[in-house]
Amino acid sequence: MLYFILFITLFCILYTSQVKAQTCSVDTFQRNECGYAGITQDECTSKGCCYDSSVGSSSGIPWCYSNGINSEYSLSQLSPTDYGLQGILTISKGQNSIYGEDIKTLKMEFLIENENYFRLKITDPNDARWEVPSQYSDRPTKTHKVNENDIKYTWEINDNPFTIKVIRKSDKAIVFESSPIIAFKDQYLEITSVFSGDMNTYGIGESTRLNHALKTNMMYTLWNIDMPAKMMDFNLYGSHPMYIHHESGSQSSYGVALYNSNGIDVALGDGYLTYKAIGGVIDLYGFLGPSPEEVVQQYTSLIGKPNLVPYWSLGFHNCRWGYEDISHVEQVVKNYSNAKIPLETQWLDIDYMDEYRDFENDPENWSYTDVGKFIDNLHENNQHFVEIIDPGIMVYKGYDAYEQGNAANIWINGMDSNPYLGQVWPGPVYYPDFHNPNTQDYWTNQLANYHKKIPTDGFWIDMNEASNFCNSDGTGQTCMNPDPENCPTGDDATQTDCCLKCTTIDETNKLAFPPYKIGNKQGNGNLGTKNIDMTATHYGNETEYNLHNMYGIGEAIMTYNAMAKITEKRPFLVTRSSFIGSGKFTNKWTGDNAATWNDLYSSIISIMDFSMFGIPMVGADICGFMDDTTEELCARWIEVGAFYPFSRNHNDRPSAAQELYLWDSVTDASKNALGMRYRLLPYLYSLLAEAHWLGSTVARSLWWNFPTDKGTTGIDSQFMWGSSIMISPVLKEGATSVDAYFPSGKVWYRFRLNDDESSDAYKMEVDATEGGKTLTLDTPLTEVNVHIKGGSILTLQDAKMTTAESRDTPFTLVTALCQHGKAHGTLFRDDGINMMDKSDEGTQVNYSAEMISKEGKRKETSTSIVITSEVVSDAYAKDEIKYIIITAVSGLPDASSLNNIHTKLVINKDSKTVLTHQDDCKITALASGALKLEFNGLDFNVNKNWSLEVSY
Ligand code: NOJ
């Protein structure tokens, strides 16, 4: 007996030390959460886990951790299929029961679905598992066969241990290489890619950060929650398990996405990226690039290209939570107009609702008649209206949305098979199940009936993670309402205090408490914390555990479909919660930031992230949502926010008012920055339309456009619109200058709102042709630096108070020649409101320009600049071209020699117009040296082919 006890003791000591050695010495970034944020050392070690607090609290690295996953699989029976290869993986090493038993036999498929991307899929051949259903994306249900010669990559597969490497043919770059360690358990999947240590990793969101390139030795968690965006490095409202790699200064980028909706931790080390997903399958795509822009185009061709936004949505939006009644809002709109700040769209937050019930207005302060009149006035003025809607439907007898939901049986159900009861603004709510196809009719009917009373132009879909004010520790599997009289308010309770009684029915439930705990930062980190419980079920008995991260996209799809049907126009939606593919249906704002300089700075990074995630129409709350803003911060914020693709001021209920007209300096800053935005609307719209048709991006980092320029790496304080416009704002308190970087190989011209003769607009400010340059630019409080990249042709209209008025003004074409005397640009134009099936239902034009200087017999130089417009499709657009501005590095005639200029304009080849200083073409020189040609009385439209020759 004694021997036996000794043996057992020895075994335990050896075993424990082995486990310890295995778990406690792992790289920090590979640590798996074993407790929760704030766990004590004693509690942690009592669970058999390792404890180390030295990593600090902001790194995302767990203090209480375990690991020990070192399982490998070997490949057999590799055989070709119609679409690639498939084989069987068998566990060959490191079998363990950490986080559950290993699934010992797996199916591996390497799918050549597209010449530009590959797919690695690992599933359980014996058990169908949860996969993201096809209705949530553009993913082909049946793959097309790619011609072998067109495939732009090769692959190398190692059998034992199984690893796979994918190589881009053009430059032999490795775009994906798996490490031998693979875990595949019911609730824990792990796959790691290894890469050269010089790579910068971008993407993996949603999180707020002060750096665009992700910091290494960090854990990034993807789990949608109602967590204020002001929290740095926390998992927030959306899940986008996609990254792009780019080596500083190199031509080459590639992207990888794990198409998985379950909770995911991404551990990023130096040279490693590990996905740790707690369900689903390994469904990994690799996008070849080689430019970052191509990566996003390839990615969005798979997940769905961004929705085509209405033209009006490009205008400036004003919103706040806390307007008392409709007359308050009417006054706000008037104040904007009196201050001459362009206001396109006024929004209403939940204030308008009757006891926070969707589809019902408070009859006293927000009556249908009054709000209806307000909307009519807005519309008469070419302005627009957007209203908030939350998914939680109040449990309230006689309330139509509730009764109809009951009748249609479309709620998410709880563990007890009754509709899952949660709490949001109205108090107790049920949640529509947007995974249930029957919910579409219910939702469309509710929206349609409401829209008859309140003809809103768009919907703001908020709280759709879905947020729940109960279940604060994530253990409440079902909740009930024990005291309906006092729920939601109760004595001394605030709106967000839970008034329901939630109980744990099964504390061993593996969905609510999975064996591997992702690093969810909400509360104690349980998945259900402030969410619908994981055991709740959707249509088809699918669990909240699997569908949670897709609730927002589900709501977006159904709201998009409903609005398309109701209005027969392009829907305009803005969501808080997002997932892979959301951009096809909705736009996004980045949630609850705060009025701080750091939040202003990080907003640029968030906008860049969503460009990568296929949601180009994105913006942060201008002037900051939480806390009181300051005059200076608000002025600087509108100077950045005017260049968010989606530009909206929004403010929290307890915070001091921050409408742009409240301070003189903010008014001036707004007129200037928004004025520039409105001048650039045809350019911005063309970019957003291209994003829809081609899947391209709008707001871009400097490195994105200049990947080979090492100087652009790490610049997060400047950004670009497309490839032609660069914005270099002030982001620091008290600063009146900006150290702006001008990327290499280009000349850069100043863009200004005022481009009259005395202005230095279009002046070449920096010649960076020989190498990138940093310049200190004076930037007084009401100014923001905007530059045009040499080589661009931009289409402008006049800055007016609404986008409709702006659209009515004639075009100005700015031709900013590069150092070699060339330029090009594109225009996309349509009615901006109706649905479109094909891009050629609009007008598409390509512009190009060239300056040619010749030496004559007597050594005299003659120069001609030829600008041509080539129409690709002319289905829409009557817009007149009135001005052509030409700016160049050198070689333009100055003001004293304008008489020597001859111009010849040929429109549509046959109809010839020759002009030399007649009334139909006036030429002036601006102070900046740019030439301005003004055309009058000609049939000179953007939907015509033409060429203009300016010679001197
Ligand atoms: C939370 C949203 O993030 C915020 O923008 C909104 O004002 C409040 N909900 C109230 O609706």
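**Entry 1: strand 7**

I began with strand 7 and found both of its faces covered: Tyr117, Arg119, Lys121 and Thr123 are buried on one side, and Phe118, Leu120 and Ile122 are buried on the other. For me, buried means under 20% relative accessible area, with exposed over 50% and partly exposed in between (1.4 Å probe, protein chains only). I took strands (E, at least two residues) and helices (H or I, at least four) from DSSP runs, numbered from the N terminus.

A note on the source: this is a predicted model, where local features need pLDDT of at least 70 and side-chain atom pairs count only at pLDDT 80 or more, while totals for chains, interfaces and linings use all residues. Residues are numbered from 1 along each chain as its sequence is written, and side-chain values use heavy atoms, leaving out hydrogens and water.

I recalled that side chains in a regular strand alternate between the two faces of the sheet. Why is strand 7 largely enclosed by the rest of the structure? I see that seven of the seven residues in 117-123 are buried, so the strand is largely enclosed.

**Entry 2: its neighbours**

Next I looked up pairing, which requires at least two DSSP bridges between two strands. Strand 6 (residues 105-111) pairs with strand 7 in the antiparallel sense over five bridges, and a hairpin of five residues joins strand 6 to strand 7. Here I noted Leu120 as the bridge partner of Phe110. Strand 18 (residues 282-287) also runs antiparallel to strand 7, joined by six bridges, and Tyr117 has Phe287 as its bridge partner there.

I then followed an open sheet of nine strands, paired in parallel, in the order 33-32-30-27-23-20-19-35-34. Strand 33 (618-619) and strand 34 (621-622) stand at the edges with a single partner strand each, so one side of each has no neighbour in the sheet.

Within the sheet, I checked strand 20 (residues 345-348) and strand 23 (residues 384-389), which pair in parallel over four bridges. Leu348 has Glu387 as its bridge partner in strand 23.

**Entry 3: the cores**

Last, I looked for nonpolar cores, meaning sets of buried Ala, Val, Leu, Ile, Met, Phe, Trp, Tyr and Cys residues joined through side-chain atoms within 4.5 Å. The largest has 173 residues, and Phe643, Leu660 and Tyr762 have the most contacts inside it. Helix 13 (residues 681-694) gives the most to this core, with nine residues. I also found a second, separate core of 45 residues, including Tyr73, Leu75, Phe184 and Met199.
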